[in-house]
Each structure stands twice: as structure tokens, then as C-alpha cells.
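Hello,

Here is the structure we talked about. Please open it and keep it in view while you read my notes below.

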Amino acid sequence: MVDDSQPGQEILLVTGVSGGGKSTALQVLEDLGWETIDNFPIRLLKRLVGGSEDNSRLAIGVDSRTRGFAPDEIIALFKKLEQREDISVTTMFVDCGSGELERRYNETRRPHPMARGRTAMDGIKAERELLEPLRRWADVLIDTTDYSTNHLQQVVRERFSDEAEPRMSITVTSFGFSRGMPPVADLVFDMRFLDNPHWVEGLREQTGLDEPVGRHIVADPGFAPVFDRILDLLREALPRYAAQGRSYLNIAFGCTGGRHRSVFSAERAAEALREAGFSPTVIHRNLGSRPADPLERR
């Protein structure tokens with residue numbers, strides 16, 4: 001008897017025309033946590049299939065390069081696997097228009113695996129005829145004729161991710177320019193145009209986390225108009241970064257010493273992003289630095 005609490009092993013057969021984007025699809029699946037094997041000898045498949053306690057996700061790439069490739073035999077083998085209650089089988093076929101495939105091969109100057117000394121189009125036609133049974137049998141058909149690589153990645157993520165909406169990991173960092181730029185930063189905002197609390201009596205020993213410092217920064221007439229534009233930019237850009245498949249995005253706010261203006265701005269930005277539905281992590285790189293650093297002139 002199969003334990004219904006165990007989801008069993010998921011097997012995804014990934015196949016399709018050469019040049020259509022199968023390798024890209026497998027790379028995305030690997031990023032999503034699938035175990036992936038490309039150009040795998042089908043005769044060895046039974047060795048990879050676990051028992052009822054195996055709840056792994058396995059994506060297997062096969063195409064005309066695979067040794068002993070025979071679509072009818074592959075279909076028969078996977079139909080047997082579908083009858084098992086401890087295994088879930090799905091087939092994805094990555095297709096592409098013949099004209100677009102020919103253009104891709106001409107651009108890369110790579111020979112088509114089935115051309116065998118003939119033109120790329122001859123190879124494309126021969127492979128399409130060979131793969132037709134798999135195309136008809138596939139559960140999921142993705143046509144990449146009009147897709148960019150990023151578009152294909154997005155489609156695969158949406159179809160096979162565990163999460164309904166895979167989240168991009170966002171980090172908001174404050175730092176001091178006097179102590180060097182962050183090694184990894186995608187968007188950097190320089191807040192040194194604001195009046196520096198370091199030179200205000202009673203505020204030097206405090207930080208951007210303290211309310212008096214925050215009041216001083218907000219009172220600067222340049223803060224609100226510029227910071228509102230920054231937030232508008234982030235709200236517009238972040239969903240577009242996520243749609244392009246970014247797993248991580250690093251946003252950095254800098255000031256001279258990294259203790260006042262940048263800290264306050266990073267905290268305020270993170271709060272606005274949370275209200276917009278994101279879940280940023282906040283890091284204050286130089287919050288523990290000495291407040292009386294002679295480099296802090298502005």
C-alpha cells in the first residue's frame with residue numbers, strides 16, 4: 001500500500017527539437033531544485049527510479065543525440081512508469097518553428113546533429129519527423145519560436161516551480177563610501193546630497209535608527225522629492241527584474257560614513273518595499289563604525 005502522505009517521485013521527461021531551448025529549460029529546472037540529467041541513456045532509467053519513499057524530482061533530457069533514441073520505445077517505457085502509484089510522470093516537449101531553428105543554427109554556425117553533411121534545414125526536417133510521436137504524446141508543449149531566452153526561463157519557472165510566484169531575494173544595504181563600495185550591488189543610491197547629521201551637535205553619536213536623526217534627514221528639503229522618486233523606481237523595476245529570472249537583487253544606499261543618511265534611507269526603503277509586497281533583508285554594513293572618522297567631511 002502506498003503512503004498517501006508521500007508525494008512520490010516526480011519524473012519529468014524533457015525533449016524537443018535541437019536548438020529549441022531544451023538545455024535552457026533543464027538549467028531552470030535545476031535552479032528550481034530538480035535533479036537534472038541531459039542526454040541520458042533511457043535503458044538506465046529503471047536504476048534511477050526510487051521506491052515509494054523517494055519523493056525527489058527528476059528531470060531527464062533526451063533527444064536525437066541520445067544513444068539508441070527511439071521515440072516509440074521511450075513512450076512505451078514511460079507509459080509503464082505512469083501505471084505506478086508511487087511515480088508521477090510528465091513529458092515536456094520544447095518546439096520551435098523550422099525557419100527560426102535554421103536562423104539560430106546559421107547564427108551559431110553549429111552543425112545540426114541530424115544534418116550529416118547536408119543543410120541545417122535537412123537536419124531539422126529529419127529530426128522533426130523522428131520526434132513527431134513524442135510531440136503528440138507530450139503533456140506540456142512549449143513553442144519557443146518567438147521566445148527570448150529570458151521568456152523561456154520565465155515560462156518554465158511558472159510551470160514547474162513549487163511556489164505559485166517564485167520570490168526574488170532582495171537585500172537592502174546601507175554603507176559608507178569612505179569605507180569602500182559594496183562588492184555586490186545592483187542598484188546604488190548616493191544619499192550624500194542630504195545634510196549630514198554627523199556635523200549636528202547631539203546627532204553624531206546617534207545613527208539612522210534613532211528618531212532624532214530621522215527627523216533631521218526628513219527635514220532636509222531635498223529628501224522627500226528625491227526619495228519618493230527612488231521608491232517609484234524600485235516599485236517599477238523590481239517586478240521587471242523578477243520577470244527576467246533574477247534570483248537575487250542587491251539595493252545599496254550610501255553616505256559618507258554609513259551611519260546616518262544611508263541607514264535611515266535603507267530602513268525607509270525596506271519598509272516601503274514590504275508595503276508593496278516584497279520581503280527585503282536589511283544589512284547595515286558600517287553601523288558599528290566610529291562616528292568621529294576624519295574622513296566624514298560631507
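**Two helices side by side**

The axes of helix 3 (residues 71-82) and helix 5 (residues 120-137) come within 8 Å of each other, and they cross at roughly 25 degrees. An angle under 35 degrees counts as roughly parallel, so helix 3 is roughly parallel to helix 5. Keep in mind that this is a predicted model.

Which residues meet here? From helix 3 come P71, D72, I74, I75, F78, K79 and E82. From helix 5 come L130, P133, L134 and W137. Sorted by class, this contact has eight nonpolar residues, three charged ones and no polar ones.

**Aromatic rings**

Now look at the rings. The structure holds seven aromatic pairs. In one of them, F223 and F227, the ring centres are 4.9 Å apart and the planes are at 15 degrees, so the pair is stacked. Planes under 30 degrees apart get that label. Both residues belong to helix 8 (residues 223-243). F223 and F227 are four residues apart there, so about one helical turn separates them.

Are these two residues buried or exposed? F223 is buried, with a relative accessible area of 4%. F227 is buried too, at 2% relative accessibility. The cut-off for buried is under 20%.

F223 has another partner, F264. Their ring centres are 5.7 Å apart and their planes are at 55 degrees, so this pair is tilted. The pair links distant parts of the chain.

Step back and you can see a cluster. Ring pairs link F189, F223, F227, F253 and F264.

**Charges over rings**

R159 lies over the face of F160, at 4.8 Å from the ring centre. R192 lies over the face of F177, at 3.8 Å from the ring centre.

**A loop with positive phi values**

Last, go to the loop between helix 4 (98-108) and helix 5. R109 is in this loop. Its phi is near 60 degrees, a positive value in a residue other than glycine. R116 lies in the loop between helix 4 and helix 5 as well. Phi of R116 is near 50 degrees, again positive in a residue other than glycine.

How accessible are they? Exposed means over 50%. R109 has 77% relative accessibility, so R109 counts as exposed. R116 has 67%, so R116 counts as exposed too.

Best wishes

Methods
Residues numbered from 1 in each chain as written. Predicted model: local features only at pLDDT ≥ 70, side-chain atom pairs only at ≥ 80, totals over all residues. Heavy atoms only, no water. Phe/Tyr/Trp six-rings, centres within 6.5 Å; stacked < 30°, edge-to-face > 60°. Buried < 20%, exposed > 50% of the residue type's maximum accessible area, 1.4 Å probe, protein only. Lys NZ or Arg CZ within 6 Å of the ring centre and 35° of its normal. Axes fitted to C-alpha atoms, helices over the stretch in contact; angles between N-to-C directions. Parallel < 35°, antiparallel > 145°, perpendicular 65-115°, else oblique. Contact = heavy atoms within 4.5 Å. Nonpolar A, V, L, I, M, F, W, Y, C, P; charged D, E, K, R; others polar.
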